[in-house]
Amino acid sequence: MIRKKSLLVIYITVLMVLLLSNIFSYSTKNYKQEYGITTTNVNLRKMPNNNSSSIVKTIKSNTKLKIVGKIADFYIVVLETKEVGFMSKDFVKTANNITITTTYYETISPYFADVQNMDTNIRLGPNTTFKVIRQTKYF
């Protein structure tokens, strides 16, 4: 009798964990990506709420972005700079004829090199206009 109760408690616990994890999770896998443009200066946020503490930075009007998901009154957006955050739907106009171009490479293959100089910059692209991501040290 005690064993049946233990199994029932374990079964209910596992079931509740699975149900709650699906309710409070979010996936963008099944979302059809859209493109948009900001209609005014708008805050990029780290959470889908209007608290001032969630503001990451202010994005200028007419900024192109990719919309990868929706939560309540907010879009999950990716900017041309590859920054990801939440933006109020009220300040984004969707338009699928917008294309986003970036200077970042989508995939980078690992490679090795001999560094001859101290403090050599490793950049996101093949010239000095690309952002420095790391600096090597000479041993």
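**Close-up views of a predicted model**

**View 1. Ser88 in strand S6.** Ser88 lies in strand S6 of this predicted model. Its relative accessible area is 11%, and because buried means under 20%, Ser88 counts as buried. Leaving aside residues up to four places away in sequence, Ser88 is in contact with Asp73 and Phe74.

**View 2. The salt bridge between Lys57 and Glu83.** A search of the whole structure gives 1 salt bridge. Lys57 pairs with Glu83, and the closest N and O atoms of the two are 3.0 Å apart. Lys57 has a relative accessible area of 34% and is partly exposed. Glu83, at 26% relative accessibility, is partly exposed as well.

**View 3. A nonpolar surface patch that includes Ile12.** Four side chains, Leu8, Tyr11, Ile12 and Met16, make up a nonpolar patch on the surface. Together these residues have about 420 Å² of accessible area. One of them, Ile12, is located in helix H1, which covers residues 2-23. The relative accessibility of Ile12 is 44%, so this residue counts as partly exposed.

Definitions and conventions. Residues are numbered from 1 along each chain as its sequence is written. This is a predicted model: local features need pLDDT of at least 70, side-chain atom pairs count only at pLDDT 80 or more; totals for chains, interfaces and linings use all residues. Side-chain values use heavy atoms; hydrogens and water are left out. Buried means under 20% relative accessible area, exposed over 50%, partly exposed in between (1.4 Å probe, protein chains only). Helices (H or I, at least four residues) and strands (E, at least two) are DSSP runs, numbered from the N terminus. Contact means heavy atoms within 4.5 Å. Patches are made of residues with over 30% relative accessible area and no salt bridge: like charges are joined within 9 Å, nonpolar side chains (Val, Leu, Ile, Met, Phe, Trp, Tyr) within 5 Å. Accessible areas come from the Shrake-Rupley method with a 1.4 Å probe; for residues, only the protein chains shown count as cover.
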